[in-house]
Amino acid sequence: MNATELLAQTGFPAPMATITLAHYLFVSAAMFVLGIIGFISRRNLIIMFLCTELMFQAAGIALVAFGRYHLDFTGQTFVIFVLTVAAAEAAMGLALVVLLFRRKESLDAQVWTDMKG
Amino acid sequence: MDTILNPFLLYGLIALGAVGVAIALPRRKAGPQIFGTIIAATAGGIGIALLTLKAGKDFPNVYFYIFSAIALGAALRVITHPRPVYAALYFILTIIATAGLFLILSAEFMAFALVIVYAGAILITYLFVIMLATQAPEEDEIEVLTEYDSSAREPIAATVVGFVLLAVLTTMLFRGVDHLPVTPVDRTDALLADMPRKVDRVLRNHGLLEDGQTANVILTDDGGLEAVQIAANDGADVYALPREQWPAELPVKNIEALGFNLLRDHPGTIEIAGVILLMAMLGAVVLSRKQVQLDEDAKLKQARMLSDEVEGNEGTAAAQPGATV
């Protein structure tokens, strides 16, 4: 008895023949969640920005996968705009980070808690 | 519809991954991070192994599993590595693996654009800023990690929030996704109707189209491709070129279809993207030109550093009496 039959006996559905849309969406969701966790828990401003880029990547995977699913190229076109926004965000965000660093000599996000309203 | 994984198994794996990530996040005293990484990687590995087992003997697309494992593993290291430079390098690895996933999805242009724009441009900017905004260690001093790099803020709460979100997302994904409609016709090759010169050139190069003949692309009513016809100029002797006889260059390629989609269907958005990039450039220039007012602490610190340097120089000058000061 091979592993597949064993799994089938214990109530698992039949083997999947191909990679489905759900596989890609799962990878996309997991990557997005890793980005969120990093954004919440890391304290370095640059790494927080890096985590937003991670979330952009995840969104891009989902867009391209849906585009392939619907045989429509708009998903890929949209990824180009995601790239544009990511580039703009990196330029602005990193300029701000450099500015903040020069002011307090620290990249800690918690140094700036006095900016709370 | 079939579920890909048993939901209980899936949620078990998600919980295991959450525990691993929570342990792997950097914290003040060195210790179990490596075990956390191992636990999270084990959860991911078991998930992927189950998916592969269920794929049976065919191994439908083993590259999907390889690329997604690399992408997720590198993403985990991005958020857990205490050193920003390494985090950025792991992010480049994530991007390259994602480009591999795009290749499997037959999005070749996006894969290359991703490597060029993301890994080549954006991440290099990040590396520059990391280098600029890190205090260089003093000479003959071991580099110590700053406190904000070596300890995470609320690692457990963040992980719980993240993985609850993942559980919710995957529930939606396993219950609802397959009910989406699939587009009935493939409109990709119908774009040949917009590229008469390409059709002409390719067919002529392969000797399928002779002088005195023209090639026509016939579309169905709902926008799909019906046939590529070759007709003599006088209207007689019309026949359709069967798909098996198409030259390899004739079908529409990803980049051609993407170009039509981008420039014909979404021309306005391109202009908007250009404006966004211009504004970002202006904003970055304006921001970085601004003179920074140091606050009191930083002023004091800099003054102390400067005075230390001056004293140090005087000390060496005094030690060498012959030197001109």
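In which helix does Phe49(A) lie? Phe49(A) is part of helix H3 of chain A, where helices are DSSP runs of H or I with at least four residues, numbered from the N terminus. Leaving out residues up to four places away in sequence, Phe49(A) touches Glu89(A), Gly93(A), Val97(A) and Tyr126(B), contact being heavy atoms within 4.5 Å. Phe49(A) and Ala22(A) are separated by 27 residues in sequence and by 28 Å in space, C-alpha to C-alpha.

The model is predicted, and local features need pLDDT of at least 70, while side-chain atom pairs count only at pLDDT 80 or more. Residues are numbered from 1 along each chain as its sequence is written.

A nonpolar core is a set of buried Ala, Val, Leu, Ile, Met, Phe, Trp, Tyr and Cys residues joined through side-chain atoms within 4.5 Å; buried means under 20% relative accessible area (1.4 Å probe, protein chains only). This core has 81 residues, of which Phe102(B), Met110(B), Tyr118(B) and Leu123(B) touch the most other members. Beyond its neighbours within four places in sequence, Leu123(B) contacts Leu50(A), Ala88(B), Phe91(B), Ile92(B), Ile95(B) and Tyr118(B). Another core, of 17 residues, lies apart and includes Leu191(B) and Val217(B).

In chain B, the axes (lines fitted to C-alpha atoms over the stretch in contact, with angles from 0 to 180 degrees between N-to-C directions) of helix H3 (residues 62–80) and helix H4 (residues 84–104) come within 8 Å and cross at roughly 160°. H3(B) and H4(B) are therefore roughly antiparallel, a term for angles over 145 degrees.

Terms used
Chains lettered and ligands numbered in written order. Heavy atoms only, no water. Helix = DSSP H or I, 4+ residues; strand = E, 2+ residues; numbered from the N terminus. Parallel < 35°, antiparallel > 145°, perpendicular 65-115°, else oblique. Buried < 20%, exposed > 50% of the residue type's maximum accessible area, 1.4 Å probe, protein only.
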